[in-house]
Amino acid sequence: MEERVIEREFGELAINMGPQHPSTHGVFRLELHLRGETVVKVTPHIGYLHRGVEKLSETLEYDMLPPIYERDDYLSPTANSLAFVLAVEKLAGIEVPRRANYLRVITAELQRLASHLVWLGTFGLDLGGSLGGGSTLFLYCFRERERIMDLMETLTGTRFHTNMNQIGGVRYDVYDGFDRDVFKTLDYLEKRISEYKEMLENNPIFLERTKDVGIVPQELAKEVGASGPVLRASGVAYDIRKNKPYSAYQEFNFQVPVGNKGDAYDRYTVRLKEMKESLSIVRQSLGGLPEGPIHSRKPVKTPSLFKTPKGEAYAAVESPRGELGVFLVSDGSSKPYRVKVRSPSFSNIAIIPHILPGHLVADTVSILGSLDPVFGDVDR
Amino acid sequence: MTFAESVSHGAILLGAIIGVVTYLTWVERKFSGRLQSRIGPYLVGRPHGWLQPIADALKLLSKEDITPTKTDRFLFNLAPIWVVVMSLLGFAFLPLTINWVLVNIDLGLLYFSAIGSLIVIGVFIAGWASNNKYALLSALRAAAQIVAYEVPLLLSLLVPAVLAGSLNFQDIILAQEKYWFILFPVVGQISGITFLLAALAEGNRIPFDLSEAESELVAGFNIEYSGMKFAYFYLGEYAHLLAVSILVSILFLGGPLGPLLSGGVWIALKTLIVFLIVLWIRWSFLRLRIDQMMMLNWKVLVPLSLGNLLVAGLWVSLSR
């Protein structure tokens with residue numbers, strides 16, 4: 001390999017942050033050029049977690065793919081498979097029963113809660129270190145997340161990669177007493193979330209570390225194609241659940257929290273408010289769960305028999321990180337001709353080189369943490 | 001004390017401190033475990049993993065002793081020894097009961113703080129000799145931080161000295177027979193709190209552990225160290241923390257003074273309480289940024305402790 005000098009100007013310290021670094025949230029490499037403690041230039045390098053999901057899609061049958069997509073963004077599996085399944089359904093014109101749509105919403109929102117809890121915990125690690133108050137927050141959040149994992153396990157048999165979404169419906173129906181279990185967990189979570197909110201928002205160190213740090217102007221957010229909480233924290237009320245409703249989201253009543261400044265603190269508040277909204281969506285959908293079938297297709301025995309008509313379709317869902325879109329091109333066979341995944345984390349971390357220069361090293365971590373990238377999602 | 005007596009007492013003290021420090025790590029792990037709704041060490045030695053510190057020490061001892069090739073060998077190996085020696089030296093001046101003190105000199109307080117401030121040199125050597133950019137950044141941070149926080153540390157240390165009218169630890173203890181200095185209205189509390197904060201900063205504890213901020217600098221100055229050399233840094237850190245806890249109990253909580261129980265028990269109790277408060281702070285707070293930390297020091301702690309010292313001085317001179 002060619003040796004490259006990355007330290008050019010005298011007085012600049014070039015350090016390699018990652019790919020193995022405690023707070024890069026996976027495998028991510030930042031080439032930081034520092035003057036003292038201040039970042040003057042930054043070059044992000046991605047691709048360490050590339051697993052070739054898009055290429056893999058061209059070699060597998062449609063019904064084999066949703067589980068693959070669940071591995072994509074490993075903090076919100078069902079959102080990924082939902083985007084793919086929606087694209088296929090759009091292309092093939094498959095109707096989804098109402099009950100299945102409700103169940104999709106329930107799992108997606110529960111996993112949004114779980115994902116945001118992981119984010120809050122790891123954000124604590126970024127700000128407070130794994131040997132300090134940060135790890136306390138981290139462990140508390142993971143304890144809460146465990147309740148959601150338990151719910152998923154009782155519902156689907158799997159804690160995490162649930163295989164809930166199938167083309168044409170969902171795989172598992174709820175059992176008797178599921179709503180009681182969920183309501184109990186939601187009440188518990190609601191109490192805990194307000195507790196953490198109080199704990200963090202009255203903590204001067206947390207406020208000092210997040211307020212006015214990593215301000216993403218609205219224009220920049222739009223320009224790089226940011227979405228999700230990152231975009232909303234900058235003041236753009238764009239939520240696919242509201243603007244282009246899919247599944248059953250048009251039937252529920254919920255708010256889209258928006259920030260005004262676009263700093264790390266706004267991104268934190270937006271996510272925390274979103275968690276409250278998710279609680280309310282799950283309550284509404286479980287309260288009004290319609291009767292009926294959960295699947296509109298017959299059980300799949302030979303995946304190669306399922307073919308989609310020639311054409312293309314794009315479906316997007318609001319994953320915990322933003323607009324997760326799947327663009328599907330079909331040549332009429334039993335396998336996709338080409339799939340392009342538009343992943344929210346990829347666009348969101350494109351902000352980094354724009355806003356990082358001028359900040360201190362310590363802010364690098366809090367900015368990266370507040371963007372909530374998942375590198376499985378970035379590299380696909 | 002004769003020379004032989006001093007040496008034997010010193011050896012006993014050294015062994016006791018190392019033993020206590022080893023078990024303080026167990027206390028910390030148990031305490032943080034309970035705080036985070038975990039159990040903490042449990043399996044090595046029932047009940048409650050009481051053999052864990054020994055297992056840790058054995059594991060660290062049996063690890064390969066690595067000196068990376070591109071480091072400055074002499075300085076790299078000197079740094080951990082320096083840190084341990086300087087942290088342990090301070091204990092020589094600390095009275096553990098009213099009469100039991102290894103080196104009783106009139107300038108005990110001054111000596112103690114002078115030696116405590118030498119620890120940073122070891123940290124800086126470690127960061128410099130490691131030939132690692134993260135370690136270097138951390139060393140620079142450590143130097144800036146500790147030099148800055150030395151000021152409020154000393155200024156708040158001087159308040160008990162002014163109130164007692166002496167720099168000798170025994171005199172300071174005896175001056176607290178009527179009331180502990182922490183109970184001295186306003187002045188005592190302010191100096192106690194500023195001292196604790198400055199001591200946290202000097203001991204590299206959260207919220208001021210910027211020089212080993214592992215979410216930014218991976219591990220900071222000890223990034224290249226492993227095995228027993230790493231353990232030396234750990235030992236030094238905890239020994240210093242123990243010394244600071246003892247110092248707080250002596251200067252502000254009356255040290256060995258207390259009813260019924262003997263002096264040694266009282267000082268141990270008070271030290272443990274101070275230590276647990278430090279742990280409590282560590283496991284509940286996030287970390288400050290370097291500029292915010294400097295701001296806190298120069299804009300809040302230094303003026304506060306300076307004014308506080310002035311008030312204490314005025315009060316003493318007027319009441320005389």
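# A tour of chains B and A

Helices (H or I, at least four residues) and strands (E, at least two) are DSSP runs, numbered from the N terminus. This is a predicted model, in which local features need pLDDT of at least 70, side-chain atom pairs count only at pLDDT 80 or more, and totals for chains, interfaces and linings use all residues. Residues are numbered from 1 along each chain as its sequence is written, chains are lettered from A and ligands numbered from 1 in the order in which they are written, and side-chain values use heavy atoms, with hydrogens and water left out.

**Chain B, residues 119–129.** Select H5(B) itself. Of its 11 residues, 8 are buried, so the helix is mostly covered. Buried means under 20% relative accessible area, exposed over 50%, and partly exposed in between (1.4 Å probe, protein chains only). Colour the buried set: Ile119(B), Val120(B), Gly122(B), Val123(B), Ile125(B), Ala126(B), Gly127(B) and Ala129(B). Now show what they pack against: helix H3 (73–89), helix H4 (108–116), helix H6 (133–164) and H10 of chain B. Contact here means heavy atoms within 4.5 Å.

**Chain B, residues 227–251.** Move on to H10(B). This helix has 25 residues and should span 36 Å at 1.5 Å a residue. The expected span is 1.5 Å times one less than the number of residues. The end C-alpha atoms of H10(B) are 36 Å apart, which agrees. Check its cover too: 21 of the 25 residues are buried, so H10(B) is largely enclosed by the rest of the structure.

**Chain B, residues 46 and 47.** Select Arg46(B) and Pro47(B). A cis peptide bond joins them, with omega about -5°. Pro47(B) sits in the loop between helix H1 (3–35) and helix H2 (52–61) of chain B. Most peptide bonds are trans, and most residues other than glycine have a negative phi.

**Chain A, two positive phi angles.** Go to Asn163(A), in the loop between helix H5 (133–156) and strand S4 (165–166) of chain A. Its phi is positive, about 55°, although Asn163(A) is not a glycine. At 23% relative accessibility, Asn163(A) is partly exposed. Next, pick Ser247(A), in the loop between helix H10 (240–243) and helix H11 (264–287) of chain A. Ser247(A) is not a glycine, yet has a positive phi of about 45°. Ser247(A) is buried, at 12% relative accessible area.

**Chain A, residue 213.** Centre on Val213(A), in the loop between helix H7 (204–210) and helix H8 (218–223) of chain A. Val213(A) is buried, with a relative accessible area of 3%. Leaving out residues up to four places away in sequence, Val213(A) touches residues including Asp263(A), Arg267(A), His359(A) and, in chain B, Arg289(B).

**Chain A as a whole.** Zoom out. Chain A has 15 helices and 8 strands. Its C-alpha trace spans about 70 × 50 × 35 Å along the principal axes. Of its 380 residues, 61% count as buried. Among contacts between residues at least 6 apart in sequence, 70% join residues at least 24 apart.
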